[in-house]
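Thanks for coming. Please have the sequence and the structure open.

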Amino acid sequence: MKAFLILEDGTVFKGSSIGSTQEVISEIVFNTSMTGYLEVLTDPSYAGQAVVMTYPLIGNYGICHEDMESLKPWPDGYIVRELSRIPSNFRSGDTLQHFLNEHNIPGISGIDTRALTKILREKGTMNGMITTNESFDLDEVILRMKTYTVTGVVEKATCREKYVLPGGGKKVALLDLGAKKNIARSLQERGCEVIVYPAAAKAEEILSGCPDGIMLSNGPGDPKECVGIIEEIKKLYESNVPIFAICLGHQLMALATGADTHKLKYGHRGGNHPVKDLETGRVYISSQNHGYVVDVDTIDPSVAVPAFINVNDGTNEGLKYTNKNIFTVQYHPEACPGPQDSSYLFDRFIKMMEVGK
């Protein structure tokens, strides 16, 4: 079946329908990872977006359900150059085509994803529509796309109620803003008991559990939309409990302490982004998935100082908070399938909790 990807600037790509045939308008973003398409699909940070995979062949190792980073896929749509319909992998339990269909996610294949990515890099992230309707009215579609905004996605991505993952070591409260499974798994591997709280949890409830440390997770959307959550994070900041924050959590902690954030032209999404540790000068290859960044010019040095920068564009990739047991990073140290360069940050968090006691 024919399918069309229509961009907000009027560009139209013609290809073949994959997954569901429902029509969807979404924010179009691209990911440069060569592997890990299932982890990308099941990362809650993609809620409200349609993902372009720049690697040309997707689906060749099928769907390995135990590799999912959440219980379901989150993107509104999926865009690939070529879909492998016959996977080859002894761990595969499904095909990507069936997985998309099962979860009602529309997609398109057979388009020039290199040309699409160039447009997004040159003009910036924009809205788009995936449709199988050959009789679409371009002017009407563009009008509809221009009114679309990504809103309310943290509430959709967070857990519904508190739950506990057992462990015999430090007790960590994890605020689920759209957390990937491997955050909790990385803590459990280090012996931690992880108490997972919904995004709307009050600071008083979290602190009443007497955690040894608090983690603020990754998540989707514009951090400035999370007004209520920011107010609770201010209270967590004022406590002396050690805090480690990732991605959206990093941005929310910055907003809670007086800094500002802004949207990047086309974001950082992929498993090959170099970040530099400003203390040691060492460069790590990181996994990233974000469209917003903390504005370094708005950071009060008496509150926090930059700890990591992006080697490609010089944007902030992490903060160390002054006279506080708090550090935050923009990238994903829990990356699955990789790279694993930054997993040592979880060990740093464990040591911070030990010193805090």
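Asp94 sits in the loop that runs between β7 and α2. Before I go further, note that this is a predicted model. Is Asp94 buried or exposed? Asp94 has a relative accessibility of 14%, so it counts as buried, the cut-off being under 20%.

What does Asp94 touch, if we leave out neighbours within four places in sequence? The list is Gly62, Ile63, His65, Pro87, Phe99 and Glu102. To give you a distance across the model, take Asp94 and Tyr197. They are 103 residues apart in sequence, and their C-alpha atoms are 32 Å apart in space.

Setting aside residues up to four places away in sequence, the contacts of Ser84 are Leu57, Ile58, Gly59 and Asn60.

Next, helix α3, residues 113-123. Which residues of α3 are buried? They are Thr113, Leu116, Thr117, Ile119 and Leu120. These five span an arc of only 155 degrees around the axis, and therefore they lie on the same side of α3.

Now some backbone geometry. Where is there a cis peptide bond? One joins Cys336 and Pro337, with omega at about 15 degrees. Pro337 belongs to the loop between β19, residues 326-329, and α10, residues 344-356.

Cys210 is not a glycine, yet its phi is positive, near 50 degrees. You will find Cys210 in the loop between α7, residues 203-208, and β13, residues 213-216. With a relative accessible area of 55%, Cys210 is exposed.

The other is Asn323, again not a glycine, with a positive phi of about 55 degrees. Asn323 is in the loop between β18, residues 316-321, and β19. The relative accessible area of Asn323 is 78%, so this residue is exposed.

Now the whole chain. How many helices and strands does the protein have? There are 10 helices and 19 strands. The C-alpha trace spans about 65 × 45 × 40 Å along its principal axes. For 357 residues, a compact globule would have a radius of gyration near 21 Å, and the protein agrees with that, at 20 Å.

Of the 357 residues, 55% are buried. Take the contacts between residues at least 6 apart in sequence: 74% of them join residues at least 24 apart.

Last, the surface and the charges. The protein exposes about 14,700 Å², and carbon and sulfur atoms supply 50% of that area.

By contrast, Cys210 and Asn323 are exposed. That is what I have for today.

How values were computed
Residues are numbered from 1 along each chain as its sequence is written. This is a predicted model: local features need pLDDT of at least 70, side-chain atom pairs count only at pLDDT 80 or more; totals for chains, interfaces and linings use all residues. Side-chain values use heavy atoms; hydrogens and water are left out. Helices (H or I, at least four residues) and strands (E, at least two) are DSSP runs, numbered from the N terminus. The radius of gyration is taken over C-alpha atoms; the globule rule is 2.2 Å times the number of residues to the power 0.38. Buried means under 20% relative accessible area, exposed over 50%, partly exposed in between (1.4 Å probe, protein chains only). Contact means heavy atoms within 4.5 Å. Accessible areas come from the Shrake-Rupley method with a 1.4 Å probe; for residues, only the protein chains shown count as cover. The arc is that of the directions from the helix axis to the C-beta atoms.
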